[in-house]
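Visitor: Could you walk me through this one? I'm new to reading structures, so please take it slowly.

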Amino acid sequence: MRQILLTALVIVAVLIIIFVVMQPSKSNAASMLSGGDDGQPKAKARGFEAFLIRATTVLAILFFVLAISLAVIG
């Protein structure tokens, strides 16, 4: 059981990395560091971007559930 959970945790971790890297950046990194704002209102994510956000959220929740389960089984 522990090996199955550990394997699932590693797979979910890799998927989280992939989904986060695939997400488009929202703004310029230099602007964020200097505190500047581009002045444009934030648009609601649609289509594939919305899917990536939802999938990342679900994977993050699954990651924490698996990690806590592994800690309890221990």
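Guide: Let us begin with a term: accessible area is worked out here by the Shrake-Rupley method with a 1.4 Å probe, and for residues only the protein chains shown count as cover. Please also keep in mind that what you see is a predicted model.

Visitor: What part of the protein is buried?

Guide: Of the 74 residues in the protein, 16% are buried.

Visitor: Can we look at one of those? Where is Thr56, and why does Thr56 count as buried?

Guide: Thr56 sits in helix α3, and Thr56 counts as buried because its relative accessibility is 14%, where buried means under 20%.

Visitor: What is Thr56 in contact with, apart from its neighbours in sequence?

Guide: If we leave aside the neighbours within four places in sequence, Thr56 is in contact with Phe19, Val20 and Gln23. Within helix α3, where Thr56 is placed, there is also a polar atom of the Thr56 side chain that lies 2.7 Å from the backbone oxygen of Leu52.

Visitor: You mentioned Gln23. Where does Gln23 lie, and is Gln23 buried or partly exposed?

Guide: Gln23 belongs to the loop between α1 and α2, and with a relative accessible area of 28% Gln23 is partly exposed.

Visitor: Which residues is Gln23 in contact with?

Guide: Again leaving aside neighbours within four places in sequence, the contacts of Gln23 are with Leu52, Ile53 and Thr56. The side chain of Gln23 reaches the backbone oxygen of Leu52 at 3.4 Å, which is the backbone oxygen that also lies 2.7 Å from a polar atom of the Thr56 side chain. As for Ile53, its C-alpha atom and that of Gln23 are separated by 7.8 Å, although the two residues are 30 residues apart along the chain.

Visitor: What about contacts across the whole protein: what share of them join residues at least 24 apart?

Guide: If you take contacts between residues at least 6 apart in sequence, 92% of them join residues at least 24 apart. For a pair to look at, Leu62 in helix α3 is 50 residues from Val12 in sequence, and their C-alpha atoms are 7.6 Å apart in space. Leu62 itself is partly exposed, at 38% relative accessibility.

Visitor: Changing topic, which residues form the nonpolar patch on the surface?

Guide: The patch is formed by Leu6, Val10, Ile11, Val14, Leu15, Ile18, Met22, Phe48 and Phe51, which together have about 790 Å² of accessible area.

Visitor: Which helix gives the most to the patch?

Guide: That is α1, which gives seven residues, though α1 and α3 each supply at least two.

Visitor: One more thing, what does UniProt list for residues 53-73?

Guide: The UniProt entry, which is unreviewed, lists those residues as "transmembrane region". In the model the span 53-73 is 100% helix and 0% strand, with its end C-alpha atoms 30 Å apart.

Visitor: And where does Ala45 lie?

Guide: Ala45 lies in the loop between α2 and α3 and is partly exposed, with a relative accessible area of 22%. Beyond its neighbours within four places in sequence, Ala45 is in contact with Ala50 and Ile53.

How values were computed
Residues numbered from 1 in each chain as written. Predicted model: local features only at pLDDT ≥ 70, side-chain atom pairs only at ≥ 80, totals over all residues. Heavy atoms only, no water. Patch = residues over 30% accessible without salt bridge, like charges linked within 9 Å, V, L, I, M, F, W, Y side chains within 5 Å. Salt bridge = Lys/Arg side-chain N within 4 Å of Asp/Glu carboxyl O. Helix = DSSP H or I, 4+ residues; strand = E, 2+ residues; numbered from the N terminus. Buried < 20%, exposed > 50% of the residue type's maximum accessible area, 1.4 Å probe, protein only. Polar contact = N/O pair within 3.5 Å; in protein donor to acceptor, adjacent residues only side chain to side chain. Contact = heavy atoms within 4.5 Å. UniProt positions renumbered as here; feature names shortened; annotations may be inferred.
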